[in-house]
Amino acid sequence: MSPPPLSLRFVMSAARLGQLPERRAEVAFVGRSNVGKSSLINSLAGTKQLARVSNTPGRTQLLNLFDLVDRDHGDGDVAVVDLPGYGYAKVPGRVRREWPEMIEGYLLDRESLVQVFVLVDGAIGPTPLDVQMLDWLRECQVPHTVVATKQDKVKSSKRDARRRDLAAGCRLEQGDIVWTSTSSGAGIDLLRTLVRGHLA
Ligand code: GDP
């Protein structure tokens, strides 16, 4: 039986870690702009509503917190945080410089954070910024899982090679990577189960 969508409820956007309300447990999603993060969070939630929240101008550079509210979890218990996409060229230099600090502060100091899902574009493979992020997470021992997006954009004849190359580029084993597609729905059930497992 496939797992039901995650019932995510938007709570708030924050410019700094200190503004976020406390939660018991939390997972975060991070990735380069345009990697497909909003689409993926929408797919996990089975709605188109949430992306609109996170992609509203002004909110893209903020930490967006959603509560998981279901049979097992009430309001204010466990959460999913959508982190600002990195490497977005169109933001002013000042904002761009503040991003790493804000993201790093959150990733290092958020007590409730149990797992970070790092999105890598499956159609193009890890960029130098992605590799930098992964190296940093490893160095700081922040628990994380790589999620490859847009699997449907890789021709089936090239998928085996791409799986191998993407894993090697991330310095991981192929089995460590969760491949997803919001178009075909591949990997969405698995990711829902992983998120629920971390927030149980
Ligand atoms: P974000 O900036 O990381 O939030 O990325 P978006 O979710 O806005 O997606 C960026 C672009 O990639 C959009 O044009 C999406 O329609 C497209 N996209 C996202 N996920 C997929 C996918 O699984 N397959 C395909 N083919 N396109 C996708």
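Guide: A residue is called buried when its relative accessible area is under 20%, and exposed when that area is over 50%. Keep those two cut-offs in mind as we look around this predicted model.

Visitor: What makes strand 6 largely enclosed?

Guide: Five of the six residues of strand 6 are buried, so the rest of the structure largely encloses this strand. Across the 200 residues of the protein chain, 48% count as buried.

Visitor: Which elements make up the protein chain?

Guide: The protein chain has six helices and seven strands. Reading from the N terminus, their order is β-β-α-α-β-β-α-β-α-β-α-β-α. The seven strands form an open sheet with mixed pairing, in the order 1-3-4-2-5-6-7.

Visitor: Why are strand 1 and strand 7 said to stand at the edges?

Guide: Strand 1 (8-14) and strand 7 (178-179) each have a single partner strand, so one side of each has no neighbour in the sheet.

Visitor: How do you know that strand 6 and strand 7 pair?

Guide: Pairing asks for at least two bridges between the strands. Strand 6 (residues 144-149) and strand 7 run parallel and are joined by two bridges, so by that cut-off they pair.

Visitor: What joins strand 5 to strand 6?

Guide: Six bridges do, and these two strands run parallel. Valine 118, for instance, has valine 146 of strand 6 as its bridge partner.

Visitor: Let's turn to the rings. Why is the pair of phenylalanine 29 and phenylalanine 117 given the name it has?

Guide: Two cut-offs are needed: ring centres within 6.5 Å make a pair, and planes under 30 degrees apart count as stacked. Here the centres are 5.1 Å apart and the planes meet at 20 degrees, so the pair is stacked. The structure holds two aromatic pairs, and this is one of them.

Visitor: Which parts of the chain does this pair link?

Guide: Distant ones: phenylalanine 29 belongs to strand 2 (residues 25-31) and phenylalanine 117 to strand 5 (residues 113-121), 88 residues apart.

Visitor: What about glycine 85: buried or exposed?

Guide: Its relative accessible area is 10%, so glycine 85 is buried. You will find glycine 85 in the loop between strand 4 (78-82) and helix 3 (93-109). Its C-alpha atom is 9.3 Å from that of phenylalanine 29, although the two residues are 56 apart along the chain.

Visitor: Which side chain does asparagine 64 touch through a polar contact?

Guide: The side chain of serine 13, at 2.5 Å. A polar contact needs N or O atoms within 3.5 Å. Asparagine 64 is part of strand 3 (residues 63-68), and with 1% relative accessibility it counts as buried.

Visitor: What is the phi of arginine 171?

Guide: It is near 55 degrees, again a positive value in a residue other than glycine. Arginine 171 is in the loop between helix 5 (159-169) and strand 7, and at 53% relative accessibility it counts as exposed.

Visitor: Which residues are closest to the ligand?

Guide: Lys37, Ser38, Ser39, Asp152 and Thr182 are the closest of the 14 residues around the ligand. By class, that shell has nine polar residues, four charged and one nonpolar.

How values were computed:
Residues numbered from 1 in each chain as written. Predicted model: local features only at pLDDT ≥ 70, side-chain atom pairs only at ≥ 80, totals over all residues. Heavy atoms only, no water. Helix = DSSP H or I, 4+ residues; strand = E, 2+ residues; numbered from the N terminus. Buried < 20%, exposed > 50% of the residue type's maximum accessible area, 1.4 Å probe, protein only. Polar contact = N/O pair within 3.5 Å; in protein donor to acceptor, adjacent residues only side chain to side chain. Near = heavy atom within 4 Å. Nonpolar A, V, L, I, M, F, W, Y, C, P; charged D, E, K, R; others polar. Phe/Tyr/Trp six-rings, centres within 6.5 Å; stacked < 30°, edge-to-face > 60°.
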